[in-house]
Amino acid sequence: MKKNFLIVFLVFLFGTIITFLTLLPSYNIDGYCNLKIGFIDYSTIFLASGRFVSTIFYCLFGLLHFSFEIVSIFSILLSNLFLSLSVFVIYHFINKDKNYKLFFKALILVGSLLIFYNPFILEFLLFEESFSMCFGILLVSLAACYINKNSKKNLLISLFLLFVATGCYQGVLCLFIPLAIVLYYSCNFDFKDVFKFLLKCIVVYAVAYILSYLFVLLVNFLLNTQSEKVGSIDFKTNFLFLYKNVKNLLITFSDYIDYKIFYIVFFVILISILLLTIKNFKYYYKTYIYIILLLIGNIVVCVGPYILMDSNNVYICARMCIGLTAIIGMLLLLVVKMEINSNVFYYIMIFISICFLLIVGINYYSISYDGYSRFVKDKQYAIGVQNRISQYEKENNIKIKNIYFHRDINPTYKYDLNDTAYTVTILSNNWGFECGINGINKKQYIIKNMSEEDYLKYFDGLNFDELNVKQFVFKKDSLYLLLY
């Protein structure tokens, strides 16, 4: 029991250290809207999307009058706790039936860490509801373990866990099938049994998604609302969009990690496996096929569900594809279960995996810093706008009610070159700007797009790289604002 607690504590400590900067209260563009309308009203957005776990907690935060800053800190701490428990669940499941040597256990632990503290998971921590998303990951981890216990009862438990996980965040389900397959693997597997097991996983996975979809339809019918993920579907449009964007995601990894480093580690592991097992090809050839199916399947389950999204709102991003960068951790767990006869090989794998884990940790810190720096600039911008408004109101004894905005010739969507969600600014989209100006300044301005006629009249041809008085034109109770 003490050893189990120590493992969870050490993983939690590691997670807290590398995510330390996310504890600093800062808002993303979604957070600005949360800040503007409050937890209870914002919870209806979650409910319309079928995320009932997040809805319950946000209603609770609102009823208890928790501050946004307290929830942000609470969320990160809980997120690390749930990720730590997920690491332990997988580590314990692999170790429970076999007495592995210490260096095997070390590799299992690091491999499990790299599944749940993979580069794309960092995008979860940008959002105030990250605790709910990470709770969903824990449920998926448990579901992957339960489906590996051969009984109808455990099958139903696995389905229930997956459905509740969709109530946290539907995207976490992409981990389920690849993780279940990794846990199922043994050196002496039979393809017939593997395909039976895979079919069982697919059925449970599909039923959980169908139940979530039906829940979304029911909620939106009762509330007379519309989820942006449910609507008309053009399969060709969705497929081409997702193909293009997932291809880009696999090339750039959205700047959450240097793709060269990722692929070097990835191919070193694969080539090392091949070199050390090729002499015994007849024994390991099935494992090669297993790994290929795992890699292909991992991409399919990350992308597949989004083909069914409303074609007018279809999108793909890192937090929806966390399985893509979890693959290195999964391969390391397979390496342990393959029982390759070379201690040196395993020592090398431990060294590589620890180095990669440190790189991931440094990236977490660096990207979190970018996010906080972006928030500071956003806040300075919003306060700068408010100060100019206050000056006008004081000098003219008029209260500004309306803000009409338009972007200049070369708009600023990010403050730096990184392409992560952490760098998306208050200026990046219309609703983010509206929520940010009102949320940060605690105002209720009516904020709308400026007409082209007014833009040509006041700002035609102007371009700026920072806030400037020339971006402000006041007319009675209205401000015409040019965004740089």
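Phe 57 sits in helix H4; helices here are DSSP runs of H or I with at least four residues, strands are E runs of at least two, and both are numbered from the N terminus. This is a predicted model, where local features need pLDDT of at least 70, side-chain atom pairs count only at pLDDT 80 or more, and totals for chains, interfaces and linings use all residues. Residues are numbered from 1 along each chain as its sequence is written, and side-chain values use heavy atoms, leaving out hydrogens and water.

Phe 57 counts as partly exposed because its relative accessibility is 31% (buried is under 20%, exposed over 50%, with a 1.4 Å probe and protein chains only). Along with Ile 56, Leu 60, Leu 64, Phe 66, Ile 70 and Phe 74, Phe 57 makes a nonpolar surface patch of about 620 Å². Helix H4 (52-63) and helix H5 (68-95) each give two or more residues to that patch, and H4 gives the most, with three.

Now for the sheet. Four strands form an open sheet in the order S2-S1-S4-S3, with mixed pairing; strands pair if DSSP finds at least two bridges between them. S2 (446-449) and S3 (472-475) are at the edges with a single partner strand each, so one side of each has no neighbour in the sheet. S3 and S4 (residues 478-483) pair in the antiparallel sense over four bridges.

| Helix | Strands | Angle |
|---|---|---|
| H15 (residues 343-396) | S1, S3 and S4 | about 35 degrees to S3 |
| H16 (residues 430-441) | S1, S2 and S4 | about 155 degrees with S2 |

Definitions and conventions:
Patches are made of residues with over 30% relative accessible area and no salt bridge: like charges are joined within 9 Å, nonpolar side chains (Val, Leu, Ile, Met, Phe, Trp, Tyr) within 5 Å. Accessible areas come from the Shrake-Rupley method with a 1.4 Å probe; for residues, only the protein chains shown count as cover. A salt bridge is a side-chain nitrogen of Lys or Arg within 4 Å of a carboxyl oxygen of Asp or Glu. Contact means heavy atoms within 4.5 Å. Axes are lines fitted to C-alpha atoms, for helices over the stretch in contact, and angles run from 0 to 180 degrees between N-to-C directions.
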